[in-house]
Amino acid sequence: SLLPFLSLSPKKNTRQPPNLSEAGTRKIATNSFQAFLDILFSLFWLHIDKKSYICAFKSLVKMKQEFTRIAVKVGSNVLARRDGTLDVTRMSALVDQIAELHKSGVEIIMVSSGAVASGRSEIHPQKKLDSVDQRQLFSAVGQAKLINRYYELFREHGIAVGQVLTTKENFGTRRHYLNQKNCMTVMLENGVIPIVNENDTISVSELMFTDNDELSGLIASMMDAQALIILSNIDGIYNGSPADPESSVIREIEHGKDLSSYIQASKSSFGRGGMLTKTNIARKVADEGITVIIANGKRDNILVDLLQHPEETICTRFIPSNEPVSSVKKWIAHSEGFAKGEIHINECATDILNSEKAASILPIGITHIEGEFEKDEIVRIMDFQGNQVGVGKANCDSKQAREAMGKHGKKPVVHYDYLYIE
């Protein structure tokens with residue numbers, strides 16, 4: 001409807017054209033409408049045809065929305081006050097930002113901590129509870145309060161939300177994995193924002209996620225998100241101690257960069273994980289082609305700034321791999337915790353796996369097998385020195401694998417299509 005305004009008029013236009021000689025240095029205006037006007041009048045004065053104008057405008061829209069589907073993990077230290085109770089003001093500010101992005105066309109999956117913090121302010125146990133009982137009690141009460149608070153805050157923006165409670169076991173089989181993916185896909189297709197959290201009321205220590213960082217990585221991978229934003233209470237990964245004034249945030253991390261001297265293994269105040277966990281998850285997710293950003297969730301307007309002004313916003317960004325990863329391999333990559341056995345391979349097989357060739361695990365390259373597993377269960381792949389080099393889905397059970405071990409002409413024990421090399 002705006003194209004007719006591009007037709008040239010014989011009358012002299014009193015509006016001054018933009019200074020095109022400075023176009024390379026000046027930034028496009030923050031306001032999308034102002035940026036649109038800049039392009040419109042630039043093209044008007046250059047007498048560029050309508051087709052070129054449309055291409056330029058589409059480029060602007062694409063530039064303004066680098067991501068169309070993101071996963072946002074909100075940590076306990078973002079939502080909790082110093083006394084451990086829920087920070088409703090911060091929660092409301094984050095909802096405002098997510099609502100703004102949602103209305104601009106970005107699909108968002110939230111992974112939100114805060115159930116225990118929410119329940120802590122409601123329940124005052126009569127006697128001292130151990131850590132498991134305390135977590136189950138507070139999360140049972142707090143999750144209801146947390147999702148209700150989200151429901152009320154998003155309703156003010158006319159946005160529906162849905163609760164998805166999950167456990168680590170739900171990612172153990174391909175069928176359960178796909179059921180969860182289908183559920184959240186349907187929600188997104190109908191304009192509903194999924195709010196995901198671990199079901200702490202029934203999770204036991206052996207089968208718990210390390211923390212919601214691990215869960216968010218699984219969700220981002222499963223839902224084919226283009227970016228995973230992990231909101232913590234610091235600005236990113238520092239090249240020293242965050243408390244040291246000389247330290248600064250590492251803005252970008254390329255594949256293979258050694259961060260061992262920078263990362264502290266300490267846990268966060270209210271969560272189960274720390275920066276080491278975040279870094280390990282970020283690396284794995286980035287290797288699957290997903291941009292990972294670690295930023296400070298307590299900074300005002302942080303989510304909107306990360307998407308609209310990425311160069312100016314302090315954060316640590318993990319550069320994603322350019323190599324595509326299949327949906328099945330994404331599931332396998334995050335299934336190490338469900339491995340039932342180990343397949344040890346010789347030096348020749350190790351070299352082949354580490355090369356650029358697409359290779360399966362053949363019986364001839366297997367030296368020995370540890371543990372018992374059935375067909376289609378997850379197994380670890382160990383090199384000739386005993387180091388884990390990957391995980392995969394077994395093409396046969398452990399008995400059949402042992403019978404074929406070391407022999408030529410047998411079918412793969414782990415096929416390349418179901419093998420993830422770390």
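The structure holds 14 salt bridges, each a side-chain nitrogen of Lys or Arg within 4 Å of a carboxyl oxygen of Asp or Glu. This is a predicted model, where local features need pLDDT of at least 70 and side-chain atom pairs count only at pLDDT 80 or more, while totals for chains, interfaces and linings use all residues. Residues are numbered from 1 along each chain as its sequence is written, and side-chain values use heavy atoms, leaving out hydrogens and water.

**Exercise 1.** Work out which parts the salt bridge between Arg90 and Asp300 ties together.

*Solution.* Start with the distance: the closest N and O atoms of Arg90 and Asp300 are 3.7 Å apart. Helices (H or I, at least four residues) and strands (E, at least two) are DSSP runs, numbered from the N terminus. Finally, check burial (buried is under 20% relative accessible area, exposed over 50%, partly exposed in between; 1.4 Å probe, protein chains only). Arg90 is buried at 15%, whereas Asp300 is exposed at 62%.

**Exercise 2.** Find where helix H6 bends.

*Solution.* First, take its extent: H6 covers residues 131-155 and reaches 35 Å from first to last C-alpha. Then compare axes fitted to the seven residues ending at a residue and the seven starting there. The bend, about 30°, comes at Gly142. Gly142 is also one of the buried residues of H6.

Note on methods
Expected span 1.5 Å × (residues − 1).
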